[in-house]
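Please read it alongside the sequence and the model shown here.

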Amino acid sequence: MPDERTLRAAEEDRREGKSPSTQAGEFVKEEIEHVREGKHGVRSTRQAIAIGLSKARRAGVELPAPKKNASKRVQKKAEQDLEAGASHRRKSPRRARATENALKRESREPVSKSALSKQAKKAAAKRSSGARSAAAKKAARTKGASKRSAAAKKAARTRARKS
């Protein structure tokens, strides 16, 4: 079950008109925190992301199942999560415990800063420059005036520091 703080943050993102993937990002952050604080481990960075996306879908975020470059198994799991989010059925405690115990045997290394950075770069490299540009423009549009101003000030400080 996601933390109350995560659910509130995702709901706030939804109200602000942010995309489902941005809303789901809150759940991914929570999952990375769980691994870092030792609640459990993961086999890979992508697994941590997948767990977060699964939680997001089950919590009601309208994140569609991946269409291209995803196996049938991944697509089916995403659709199951979406259905579970709509029906509000409880997960079996025994299965939840078994999953948690299996994850406890895994590493915490995949959520290190360097591992996450490597994953982000790999994911970005697969997208076209147009897609990256469109995402950046949409982010600027949905940021809001105060946050846009804060980001501009931060960018100015960074430029000043680097020159």
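Asp81 and Lys77 both belong to helix α4, where four residues, about one turn of the helix, separate them; helices here are DSSP runs of H or I with at least four residues, and strands are E runs of at least two, numbered from the N terminus. The model is a predicted one, in which local features need pLDDT of at least 70 and side-chain atom pairs count only at pLDDT 80 or more, while totals for chains, interfaces and linings use all residues. Residues are numbered from 1 along each chain as its sequence is written, and side-chain values use heavy atoms, with hydrogens and water left out.

**Salt bridges around Asp81**

- Asp81 forms a salt bridge with Lys77, their closest N and O atoms being 3.0 Å apart, where the term requires a side-chain nitrogen of Lys or Arg within 4 Å of a carboxyl oxygen of Asp or Glu.
- Asp81 also pairs with Arg58, in a salt bridge whose closest N and O atoms are 2.9 Å apart.
- Because Arg58 lies in helix α3 (residues 45-58) and Asp81 in helix α4 (residues 72-87), this pair ties together parts that are 23 residues apart in sequence.
- Asp81 counts as buried at 1% relative accessibility, whereas Arg58 is partly exposed at 34% and Lys77 is partly exposed at 38%; buried means under 20% relative accessible area, exposed over 50%, and partly exposed in between, with a 1.4 Å probe and protein chains only.

**Other salt bridges**

- The structure holds nine salt bridges, and one of them joins Arg5 to Glu33, with the closest N and O atoms 3.2 Å apart.
- That pair links distant parts of the chain, with Arg5 in helix α1 (residues 4-15) and Glu33 in helix α2 (residues 20-36), 28 residues apart.
- Both partners are partly exposed, Arg5 with a relative accessible area of 46% and Glu33 with one of 37%.
- A network of salt bridges links Glu11, Arg14 and Arg15.

**Positive surface patch**

- Lys143, Lys147, Lys153, Lys154, Arg157, Arg161 and Lys162 form a positive surface patch; patches are made of residues with over 30% relative accessible area and no salt bridge, like charges being joined within 9 Å and nonpolar side chains (Val, Leu, Ile, Met, Phe, Trp, Tyr) within 5 Å.
- Helix α8 (residues 145-162) gives the most to this patch, with six residues.
- Lys154 lies in helix α8 and is exposed, with a relative accessible area of 54%.

Note on methods. Areas by Shrake-Rupley, 256 points an atom, 1.4 Å probe, with all protein chains shown as cover. Lys, Arg positive; Asp, Glu negative; His and termini not counted. Charge placed at Lys NZ, Arg CZ, Asp CG, Glu CD.
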